[in-house]
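Thanks, everyone. I'll keep this brief. Please look at the screen.

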Amino acid sequence: MPDSLKSSIRLSRKRAMVTTSDKDLVSVRYFDSRRLPAVIEPAIDGVDLVSWGATQREFVDSMLAESGAILFRNFGVGSVEGFRGLVEAVCGPLLEYKERSSPRTHVTGNVYTSTDYPPERTIFLHNEQSYNHIFPLRIAFFCVTPPAKDGETPIADVRRVLLRVPEEIRRRLESQGYLYVRNFGSGVGLSWQESFQTDDPGQVEEHCRSNFVEFEWLPQDGLRTRQLRPVIARHPSGVHAWFNHLTFFHISTLEQDIQQEMLANFSQADLPNNTYYGDGTLIEPEVLEKLREAYIAERVSFPWESGDILLLDNVLTAHARAPFTPPRRIVTAMARPCSWSDVRVSNA
């Protein structure tokens, strides 16, 4: 592993500082020894989180560059509007959910439910929309209703995940990138109309051309897309991170019963989602297993409490979802558009 990659985390740990006036209003601690997430709580009664955030964007950015995740807790945020206000205060305007890969319900403005997926299922660690050419640099989650049981949102520092990827795997994927192939129209997953939020094939084609996505129209209103993407991003702070959907979208990462059903009903080429090496060849099972192990080794979980807001640097921190016993209501918002042109590693 090159020294530049090994120093990524050390360089980023030098950033966050709190002024005396900041310390009068909030306290900062860390959830575990990996400093993930940073937990910010009121130091005195009556701190208005939105007002505080409006003056502390630089401090929040510094904390995110260091830790990758902030958990705002015990501020008494009791509404989705309060959550929206905080994210806009510290991150700027919220983004529309485009080129969708998972079902979500619109709540208000550009606030959505987190993925509407059966509660008994696990959602594996991933960085939001890393498969898109343009993706959010910030993603936030708000706990409206804590789960009756379990239902955590595990997170992982993907700077550390990168350091765990075996060198021979990293080198091949760094040089080739990975290919994400998606098939619409099978009745499994989102339709292309839902994903691209339009019924107009011309608008889909325009989006694909401008976002480096190959497309092929198939019989019976089907669509196949292919997008070649890097696996490593250079964060605006200069550190490198394992930023991709290669593992998440691979058929082998699905839970066993779903995986078997998919393979029984679809050919390899027609799977609703799958990933390959950048040259289109199959990725070996042992490679996928090593990649899953790297994520899982860095996974950190905490129990949700009502009013919690989890703010992530989306390039530095992956997120997931554990199975849960209902009720559970977590909403999400994204901000700060960033493109692969901004974070591409020069030799990738």
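Let's start with the surface. This is a predicted model. The chain exposes about 14,800 Å². Carbon and sulfur atoms supply 49% of that area.

Next, charge. There are 38 positive side chains and 45 negative ones. How far apart do the centres of the two sets lie? The answer is 5 Å.

Now the interior. The chain has 348 residues, and 53% of them count as buried. By buried I mean under 20% relative accessible area.

On to the fold. We have 13 helices and 20 strands. The radius of gyration is 20 Å, close to the 20 Å that the globule rule gives for 348 residues, so the chain is as compact as a globular protein of that length. Along its principal axes, the C-alpha trace spans about 60 × 45 × 40 Å.

What about contacts along the sequence? Take those between residues at least 6 apart. Of these, 79% join residues at least 24 apart.

Let's zoom in on one helix. Please find H10, residues 201-210. Which of its residues are buried? They are Val204, Glu205 and Cys208. Now look down the axis of H10. The buried residues fall within an arc of 95 degrees, so they line one face of the helix.

And what do those buried residues pack against? One partner is a helix, H9, at 192-196. The others are strands: S11, at 214-218, and S12, at 222-229.

That's my tour. Over to you for questions.

Notes. Residues are numbered from 1 along each chain as its sequence is written. This is a predicted model: local features need pLDDT of at least 70, side-chain atom pairs count only at pLDDT 80 or more; totals for chains, interfaces and linings use all residues. Side-chain values use heavy atoms; hydrogens and water are left out. Helices (H or I, at least four residues) and strands (E, at least two) are DSSP runs, numbered from the N terminus. The radius of gyration is taken over C-alpha atoms; the globule rule is 2.2 Å times the number of residues to the power 0.38. Buried means under 20% relative accessible area, exposed over 50%, partly exposed in between (1.4 Å probe, protein chains only). Contact means heavy atoms within 4.5 Å. Accessible areas come from the Shrake-Rupley method with a 1.4 Å probe; for residues, only the protein chains shown count as cover. Lys and Arg count as positive and Asp and Glu as negative; His and the chain ends are not counted. The place of a charge is taken as NZ of Lys, CZ of Arg, CG of Asp or CD of Glu. The arc is that of the directions from the helix axis to the C-beta atoms.
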